[in-house]
Every structure is written in structure tokens, then in C-alpha cells.
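This report goes through one protein model, part by part.

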Amino acid sequence: MVSATWILYIVKVVVLQTFVSKGFLGYEDSNSEMNNVIISFCMKSVKDWCQRNGYQYKLIKEEKDGWNLFRKRKPKLWNATSRKDWELCIQRHEFCLDIDADLLIIIDNDTFIQTDFKLPSVKVGMCKSTWGRYKSDDRKKYEMLDKFQIFTQFYDTPFPQGGVQFINRSFIKHYNHWLVSSYKSTDWPIIWDGLEQSHMFDYSIKFSEYVDWLDYRYNCIPKRHTLKEIQECYIIHFAGHNKSEHLQFIDKNIRCDIFGEKLANHLYKHGN
């Protein structure tokens, strides 16, 4: 008689989002009402995704005390304006230090889960940023950002887009502690594109063996990608301070699938 022992291994996935202050950056020149509508649909899609797949959803609404460190720094090259709100993205990494998970997924509140997908097998999974964006919805003109024209002269490596991050259990402490410590230090890296992303890039250079680069399917910003890529992606990211500007770069059927036809048409009309 042959006996068998079955071991059931349950993977614990924690999905972390934040909604701090108004929920988005660039308050002064933003359409708050439209931004909040888009964010509400995005956050619901993430919660529904977690529920369907048995992932633990964690929402952070408070700020960390003792921050506002940006005003004490003199950032190199880009984003030199001293504004406390720019550090809200990187604050979330301090909350991550207390999370117990086999896989931690950090995901911005303006990302929409378009379809279920197999979770990537990674150590620290960073999504590749694009070097530029399309100027109009016909996608006839592509503009490479000035900062990346300089960046690509120095580096032959991807730059991260921090809207979606996947961190394996073995690296949760190391990755998040390093980012927080780097940010609180007096020796900042060059701020190429956003505080969090620039520190993430520095991590990817120092610990390249830990970083697994992920493509557009995991973090697709409409005005930076083709219609085909948007259709193929798992996660649509309405990045930036005016989120409705991405709607003109999305196929009408996808817009209606996300928001419903009536609201999609309203957002599209008033977002352009």
C-alpha cells in the first residue's frame, strides 16, 4: 500500500494602495472632479480583482509622521521644486516594511485592472518606463522627453515606472528599507523622473541581480502606447495630474467597458 502526503501551499498575496490627501499629485492644475471619478473606477477594479483571486487588499489613507524631507534637499537635474506632496508615493514603502506576504503588489490608485493575469515570478518586479509619449490620438507624432534624451546617453538600461511593483517575500524588507533609507539620506540620486522612480532606478543599478523587468502589459499608460498594446495589457494606468487626457488614446469600446457608455462619453468630451 502506497501512502501519499499532500501539502497544500497557499500563496499569500497582498495588494497595497494609497489614497492620501486628495488622492493624486499636481493639485493646482488638475481637474479634481474628473480625476476622482476615474480613480474611483480604478480602485474598484483593483478591489474586485483581489476579491476574485483571494488576494488581501490593503488601503493606506494616512501619512507618515516626521517626513516633509524634500524641502531639505537640493535635487539634481529634474523636479527641483520643493513640494511635500511629491514624497507621498515614496512614503508607502515605509508602510510596506510591516507587511507579511509571499508576494507584495504595490499599485497606484489610478490603475485599472483590465483582465485577470498570471502573476509574474519575480524577485523585485519593476515595470519599464517608455522614453516618451504620443502628441495626438492619431499617433503620428511621438515625442521623446528631454530628460530621457539625456538619460539614454548615460545608461543602456530600463528606467522604472513606479505605478505597479511586484516584490517577492525574500525582498520586501530589503527593497522597501533601502528606498526609505535612500530617501531619508543626504545623498540623493539624480531625479530623472519622479522621486520614487529615481530612487527605484538607483536601486536597480546597485542591485541589478535582484530586479526583474516587466513589459507594458503590467503597466500601460495610454498616451505612451499603441492601441494594440492597450488592448493586450493587463493593467491600464491613468498616470499624471490630468487623468482624463488618456481617454482620447483609448479605443471607444475599452472606454465604454471601463466607465459605461454615457460616463465614458462625458469624460471623453470634457477631458479634451
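## Ser-45 in helix H1

Ser-45 sits in helix H1, residues 32-53. Helices here are DSSP runs of H or I with at least four residues, strands are runs of E with at least two, and both are numbered from the N terminus. Ser-45 is buried, at a relative accessible area of 7%. Buried means under 20% relative accessible area, exposed means over 50%, and partly exposed is in between, with a 1.4 Å probe and protein chains only. Leaving out residues up to four places away in sequence, Ser-45 touches Thr-111, Phe-112 and Ile-113. Contact means heavy atoms within 4.5 Å.

## Basis of the model

The model is predicted: local features need pLDDT of at least 70, side-chain atom pairs count only at pLDDT 80 or more, and totals for chains, interfaces and linings use all residues. Residues are numbered from 1 along each chain as its sequence is written, and side-chain values use heavy atoms, with hydrogens and water left out.

## Overall fold

The protein has eight helices and ten strands. Of its 272 residues, 51% are buried. Take the contacts between residues at least 6 apart in sequence: 74% of them join residues at least 24 apart.

## Two loop residues

Gln-114 belongs to the loop between strand S4 (111-113) and strand S5 (124-128). Gln-114 is partly exposed, with a relative accessible area of 26%. Its partners, not counting residues up to four places away in sequence, are Ile-230, Gln-231, Cys-233, Tyr-234, Ile-236 and Ile-254. Gln-114 and Cys-233 are 119 residues apart along the chain, yet their C-alpha atoms are separated by 7.3 Å.

Arg-139 is in the loop between strand S6 (132-134) and strand S7 (142-144). Most residues other than glycine have a negative phi. Arg-139 has a positive phi, near 60 degrees. Arg-139 counts as buried, at 16% relative accessibility.

## His-199 in helix H5

His-199 lies in helix H5, residues 195-206. Its relative accessible area is 0%, so His-199 is buried. What does His-199 touch, not counting residues up to four places away in sequence? The list is Ile-90, Trp-178, Leu-179, Ser-182, Tyr-183, Trp-188 and Pro-189. Val-180 is 19 residues from His-199 in sequence and 9.1 Å away in space, C-alpha to C-alpha.

## Packing of H7 and H8

Helix H7 (residues 252-259) packs with helix H8 (residues 261-270) at about 115 degrees, and the axes are 7 Å apart. Axes are lines fitted to C-alpha atoms, for helices over the stretch in contact, and angles run from 0 to 180 degrees between N-to-C directions. From H7, Lys-252, Arg-255, Cys-256 and Phe-259 meet Glu-261, Leu-263, Ala-264, Asn-265, Leu-267 and Tyr-268 of H8. By class, this contact has six nonpolar, one polar and three charged residues. Ala, Val, Leu, Ile, Met, Phe, Trp, Tyr, Cys and Pro count as nonpolar, Asp, Glu, Lys and Arg as charged, and the others, Gly among them, as polar.

## Second largest pocket

The second largest pocket holds about 160 Å³ of space. Ten residues line this pocket, and the closest to its centre are Val-11, Asp-102, Leu-103, Pro-120 and Asn-168. The lining divides into seven nonpolar, two polar and one charged. On a 1 Å grid over the protein atoms alone, where a 1.4 Å probe fits, a pocket is an open set of points with protein on both sides within 12 Å along at least five of seven lines; lining residues have an atom within 4 Å of a point. Grid points are joined across faces, edges and corners, and the volume is the space filled by probe spheres set on the points.
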